[in-house]
Each structure stands twice: as structure tokens, then as C-alpha cells.
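Student: I'd like to learn how to read a model like this one, feature by feature. Could we go through a few together?

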Amino acid sequence: MNFTKFPRRNYLQGSTPIESLPSLSKALGAGVNLFVKRDDLLPGAGGGNKTRKLEFCIADALAKKANTIITCGAVQSNHARLTAAWSAKEGLDCHLILEERVKGSYKQEASGNNFLFELLDVKSIGVVAGGSDMTAEMGKKADELSAAGKKPYIIPGGASNPIGATGYAVCAEETMTQLNDMRLVINHIVVPSGSAGTHAGMVAGMAGVNGNIPISGINVSRTKDVQEEIVYELAVETAERLEVRGGINREEIVCFDQYVGPGYSLPTDSMVEAVKLFARTEAILLDPVYSGKAAAGLIDLVRNNHFPKGSNVMFLHTGGSPALYAYMDTFRQ
Ligand SMILES: *Cc1c(COP(=O)(O)O)cnc(C)c1O
């Protein structure tokens with residue numbers, strides 16, 4: 001794929017590692033060999049997947065001569081944290097609109113990512129009720145800033161538009177190059193599926209390099225049908241942007257929704273188990289909202305023999321560990 005056609009910054013500093021997880025694989029005892037792609041180790045304050053997307057989104061903002069970034073997310077959003085981080089690095093102002101998806105969950109003095117927003121010098125935080133029209137809320141903020149003489153640029157939630165998802169097509173190509181270099185056969189890839197840019201970009205990129213490795217998404221908020229449709233549409237748009245021949249088949253988009261629990265960001269027992277298991281067997285920190293629930297899905301699928309014995313399965317670790325510090329009580333219970 002030719003990524004040089006698009007404005008792009010240079011945030012990556014090379015490939016993220018692909019590591020084997022022998023202790024975790026043994027602990028699960030299902031004869032599946034687990035591997036992890038460490039996108040939690042991406043550069044950007046606190047690490048995580050949004051750096052790949054922001055490499056393209058912030059470059060687009062700069063190409064359009066913006067001096068102010070507006071984005072949105074949940075109250076402990078990793079995306080908001082990384083947008084604030086890269087904005088700070090680029091000398092851009094950053095404004096956040098936070099959606100209180102769980103009523104009463106925003107606390108100005110909260111730890112985790114919320115504390116980092118402040119440290120990274122976010123210029124304003126607007127908190128709106130769950131279910132608000134975030135596009136409209138960001139539009140209002142943009143009008144206000146334009147009237148004050150700024151040049152705002154809106155990055156959608158999770159940077160999950162075709163511009164941001166292009167960052168995960170890069171990841172798919174990077175992964176295939178690494179697997180070829182390592183002579184490592186991976187039979188299946190498991191990814192968290194949230195605002196969908198990661199999942200859709202991986203699918204589009206895998207098609208672009210003809211990698212033919214099935215990718216499954218583990219949902220963190222929506223039902224299977226709804227999420228698969230969102231991922232599919234974004235994968236199709238991203239593949240078009242990248243001029244991937246042959247396009248995307250609907251059947252390639254597979255999501256599992258049985259690990260969401262009571263709702264987005266609300267803890268589940270299997271998430272707590274997954275976070276503890278990854279920490280204690282492989283010294284890898286997950287997060288409570290995304291990678292923890294996705295890993296709970298991975299673990300359950302392995303235990304239930306979803307993958308044939310002897311398979312090599314790669315988990316895409318999207319990061320998020322700074323959010324752990326806002327959930328300490330959940331893990332101490
Ligand atoms: C945003 C996020 C995800 C989900 O990625 P999407 O592209 O929004 O689907 C997964 N893990 C972490 C840690 C995230 O911050």
C-alpha cells in the first residue's frame with residue numbers, strides 16, 4: 001500500500017514488538033500458542049493505539065493550517081489523552097468534549113487519564129450527558145473558537161474515520177512484514193472493537209497486503225450486529241481510500257459481543273481476571289475498558305476451543321493502562 005499519498009507525521013519510531021506469551025498460553029492449557037503485538041508500547045504519553053491514527057489525523061490538521069484540535073471521548077478516554085499529548089508536542093491547542101456515558105462518572109479530580117488531560121494542558125473540557133450528539137457538540141465548540149480567531153480542526157471520537165483508520169492499515173502491513181521476517185505463522189488475530197478504526201483499519205490493511213489472516217473483534221460496547229456494520233462500513237471506506245483491489249467482504253467482519261457485560265466501561269469479572277492473568281503471567285498491563293475486556297474474550301475463546309489445538313493466535317494490545325489507576329477499587333475487591 002502507498003501511504004505516502006497522505007499527510008502523515010512521524011510518531012511511530014519503528015515497529016512495535018510481536019512477542020510470544022508462553023506463560024499465559026500454558027496457564028490457559030488449551031494447546032493454543034498466544035502472541036501479542038505490543039501497540040501499548042507505541043510512543044505518545046502513556047502509549048496506545050490512537051498514536052497510529054493521530055499520525056494521519058494531526059498531519060491532516062496541520063496540512064489544513066489548523067492551530068487548535070477538538071476531539072471527544074468518554075471521561076477516561078485514552079484517545080482524548082493521546083490527542084492532548086500529540087497536540088502538546090505539535091504546539092497545537094487541544095479542547096475536549098467528554099461524554100458522561102455513565103451518569104455521575106466525571107470527576108474533575110479523578111485519576112488515570114483524567115489527571116493526564118490536566119497535566120498535558122488541555123485548554124478546555126466540556127462535559128455532556130451520555131447519548132449527546134458529539135458531532136454537534138464539537139461543532140459548537142469549533143464555532144466558538146473560530147469566532148475567537150482560532151483555526152479549529154475536529155478529530156472524531158477515537159479518530160475512527162478513514163483518515164485515522166489508515167493508521168491501522170499501516171499496522172496490518174507492519175505486522176505482515178514482521179511475521180514474514182520472523183517466519184512466524186499466525187492463524188488468527190484478535191483485536192478490541194470500539195469506535196472501530198482499529199478493527200476496520202486492520203481488515204482493510206490485511207486485504208491490501210493479501211495477508212489472509214482472519215481478524216476477530218471483541219466488542220466493548222455495542223451488540224454484534226450493530227458493531228459489525230460499523231466496522232464493515234469503515235473498512236470499505238478505508239480500503240477505497242487506500243485503493244485496495246478486490247474490496248472487503250462482509251463475512252470477513254466478525255465481532256463477539258458477549259464480553260461487554262453491563263455496558264461500556266463497566267467492569268466485569270472476566271475483565272478483572274484477564275487483567276490479573278496478563279499481569280501475573282506475562283507482566284503485561286491491560287486496561288479495564290478495552291484491552292481487558294478484549295483479553296477476557298480471547299481467554300474465553302481459547303478455553304472453549306474456538307481455535308484448533310496448535311493454532312498460533314495474536315492479540316493486538318491497544319494499550320490503555322493509565323486508566324487502571326482510575327479503577328483501583330475494582331481490582332482490590
Ligand atoms: C480506543 C481504544 C480501543 C479501541 O479502538 P477503536 O479503534 O476505537 O475500536 C482499544 N483499546 C484502547 C486502549 C483504546 O484506547
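Predicted model: local features only at pLDDT ≥ 70, side-chain atom pairs only at ≥ 80, totals over all residues.

Student: Where does Ser216 sit, and which residues does it touch?

Tutor: Ser216 belongs to strand S8, residues 215-219. Leaving aside residues up to four places away in sequence, Ser216 touches His188, Ile189, Val190, Val191, His199, Val254 and Phe256.

Student: Is Asp93 buried or exposed?

Tutor: The cut-off for buried is under 20% relative accessible area. Asp93 has 18%, so it counts as buried. This residue lies in strand S4, and, residues up to four places away in sequence aside, Asp93 touches Asn67, Thr68, Ile69, Ser87, Lys123 and Lys150.

Student: What separates the C-alpha atoms of Asp93 and Gly164?

Tutor: Those C-alpha atoms are 19 Å apart, with the two residues 71 positions from each other along the chain.

Student: How should I read strand pairing, and which strands pair with S3?

Tutor: The general idea first: in a regular strand, side chains alternate between the two faces of the sheet. Now the case here. Strand S3 (residues 68-74) pairs with S4 (residues 93-100) in the parallel sense, over 7 bridges. S3 also runs parallel to strand S6 (residues 152-155), joined by 4 bridges. For landmarks, Ala74 has Glu99 of S4 as its bridge partner, while Thr68 stands opposite Pro152 in S6.

Student: How many residues of S3 are buried?

Tutor: The count is 7 of its 7 residues, so S3 is mostly covered, by the cut-off of under 20% relative accessible area.

Student: What kind of unit do S3, H3 and S4 make?

Tutor: Together, S3, helix H3 (residues 78-90) and S4 form a right-handed β-α-β unit.

Student: And for two helices, at what angle do the axes of H9 and H10 cross?

Tutor: The axes of H9 (residues 269-282) and H10 (residues 291-303) cross at roughly 90° and come within 8 Å. Angles of 65 to 115 degrees count as roughly perpendicular, which is why H9 is described as roughly perpendicular to H10.

Student: Which residues make that contact?

Tutor: H9 contributes Ser270, Met271, Glu273, Ala274, Val275, Leu277 and Phe278. From H10 come Gly292, Lys293, Ala295, Ala296, Leu298, Ile299 and Arg303.

How values were computed. Residues numbered from 1 in each chain as written. Heavy atoms only, no water. Axes fitted to C-alpha atoms, helices over the stretch in contact; angles between N-to-C directions. Parallel < 35°, antiparallel > 145°, perpendicular 65-115°, else oblique. Contact = heavy atoms within 4.5 Å. Buried < 20%, exposed > 50% of the residue type's maximum accessible area, 1.4 Å probe, protein only. Pairing = 2+ DSSP bridges. Right-handed = clockwise from strand over helix to strand, strands pointing away.
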